[in-house]
Amino acid sequence: MLPEICDALERANITTPFAIQEMTLSVALMGTDLIGQARTGTGKTLAFGIPVLQRSVAPKDPDYAEIPQGKPQALIVAPTRELALQVSSDLSLAGADRGLRVLTVYGGVGYEPQIEALEAGVDIVVGTPGRLIDLANRRVLDISHVHALVLDEADEMLDLGFLPDVEKILRMTPETRQTMLFSATMPSAIVALARMHMRHPMNIRAESSYENATVPATAQFIYQCHDLDKPEIIGRILQAEDVEKIIVFTRTKRQAQRVADDLVERGFKASPLHGDMAQVAREKALAKFREDKIQVLVATDVAARGIDVRGVSHVINYTCPEDDKTYVHRIGRTGRAGASGIAITMVDWQDLHRWKLINKALDLPFDEPLETYSSSEHLFHDQGIPPGTKGRIVDPAPVERKPREDRSSDRGDRGDRPSRNRNRTRTRTRSGETVADSGPAASSEGGSSEGGESKAGGNRNRRRRRRPSGSGSKPAAATE
Ligand SMILES: Nc1ncnc2c1ncn2[C@@H]1O[C@H](COP(=O)(O)OP(=O)(O)OP(=O)(O)O)[C@@H](O)[C@H]1O
Ligand SMILES: [Mg+2]
């Protein structure tokens, strides 16, 4: 590995390679095609990023005169704008001393800056399919010289929604290119399809079997819940012991908006992230989440893949995810890079069948999710919620206030810190404990994939681990 890249990574405290990086580096540096599979959060970005940076010629290199000037040498395609931006930023970090020009090409923003950058000359392009094709058709982007093409989240890129666009892009690149595919999930049908676009690709897998697709250090909890009780449940989880940041995944954009509004009304710093928002607002929401200015991101699957935010202690599925792959990627937003995580999935009665399919596909032990209410003792126990906690930290708005719609615009930015104790003083008796039989049954359900210890008798051996570094400052709303 080039010392320039090592030094840059070392400044970001990346000193020893993760498994997938170690396994792919030498192969990728030779220009071999490869399909790399490794669990979420285990460093796939640098596994392709380092070879891409290292095999590209920088303008300061003597060989630069011999290649087409200013034309992209490598192309990385990702399914979402936010992921494209993040991959670019990782590449820029690792390549800081190489002097390579990295450009993100993505939709929802103006063309001009991207066109200007392309005209000035770039070395590596990271982009989403739509805008890439668009700029290529306008003849501003020339990808006919790329020596490397990477599909990040490759199974998604080769799935029906993206396949025609990706094939178009592939046709615009040289046949002699190196093709690299990366994802945490790689169904065999996709691998078969992918091979048609590759030359003797090597399969590299950082773990041995698909049963282990989920990250072992993430404790999984599956609860059968009533829709109307869910915001109250989340509000209580938000006051649990080890909570840092939370991503709540919803099924629809409207649901993301509604749940975010609800949590804000309860006093939490939350923001939605979905495809109906303007791109600037999407980026702003994610930036605030990264900077700990908001504690809860309520997102659709636009944030399910690849997004890497430090300090995400919990992922909550507001409804049962579509399928096993979506489940794996969503819960993979926590428990990254060796940290522990907690993944909570709320399953509606009508989704039980869907959940069971996921459970079976991933060989998980949660075939019968436990009926769970915001008042259930096992919820408090599993999640380390202090007794008496309610799901809001500010009093409900008086009814005479303006109607919801009128107030929603200024809610997201409510900067003042809510006084979270106000409601606590009204600790009630435990009359709300609707689930009487939550003891031993709760333990087997609430348990994680690690199996073994169950919490018979209600003693507190919760299967949760603290994050090793206590990383990230606690967001305001979660701090005492
Ligand atoms: N060798 C390393 N040492 C320490 N941290 C690392 C190393 N490699 C990567 N990381 C960090 O690990 C985190 C996860 O990496 P990355 O986003 O590449 O995971 P991924 O495998 O692509 O996950 P996903 O499947 O969710 O996309 C990032 O914050 C990254 O900076
Ligand atoms: Mg990734």
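This is a predicted model: local features need pLDDT of at least 70, side-chain atom pairs count only at pLDDT 80 or more; totals for chains, interfaces and linings use all residues.
Local features are taken at pLDDT of at least 70 and side-chain atom pairs count only at pLDDT 80 or more, while totals for chains, interfaces and linings use all residues. Residues are numbered from 1 along each chain as its sequence is written, and chains are lettered from A and ligands numbered from 1 in the order in which they are written.

The shell around ligand 1 holds 19 residues, and the closest are T40, G43, K44, T45 and A337; a residue belongs if its C-beta atom, placed from the backbone, lies within 6 Å of the molecule. By class the shell has 7 nonpolar, 9 polar and 3 charged residues (Ala, Val, Leu, Ile, Met, Phe, Trp, Tyr, Cys and Pro count as nonpolar, Asp, Glu, Lys and Arg as charged, and the others, Gly among them, as polar). Domain 1 (3-208) and domain 2 (218-383) each supply at least three residues to this shell, with domain bounds from an automatic or database domain assignment. Helix α3 (residues 44-55) gives the most, with 3 residues; helices here are DSSP runs (H or I, at least four residues) numbered from the N terminus.

Helix α3 also packs against two other helices. Two packed helices are described by the angle between their axes and the distance between the axes. Axes are lines fitted to C-alpha atoms over the stretch in contact, and angles run from 0 to 180 degrees between N-to-C directions.

Helix α2 (residues 19-29) and α3 pack at about 25°, with axes 9 Å apart. This makes α2 roughly parallel to α3 (angles under 35 degrees count as roughly parallel, over 145 as roughly antiparallel, 65 to 115 as roughly perpendicular and the rest as oblique). On the α2 side, I20, Q21, T24, L25, A28 and L29 meet residues of α3 including K44, L46 and A47, where contact requires C-beta atoms, placed from the backbone, within 7 Å. The residues of this contact divide into 9 nonpolar, 3 polar and 2 charged.

With helix α4 (residues 81-94), α3 makes an angle of about 50°, and the axes are 10 Å apart. The two helices are therefore oblique. T45, L46, G49, I50 and L53 in α3 meet V87, D90, L91 and A94 in α4. This contact comprises 6 nonpolar, 2 polar and 1 charged residues.

A further pair is helix α6 (residues 129-137) and helix α8 (residues 163-172), at about 40° with axes 10 Å apart. They are therefore oblique to each other. P129, G130, L132, I133 and A136 in α6 meet D165, V166, K168, I169 and M172 in α8, and these residues divide into 7 nonpolar, 1 polar and 2 charged.

Definitions and conventions:
Two residues are in contact if their C-beta atoms, placed from the backbone, lie within 7 Å.
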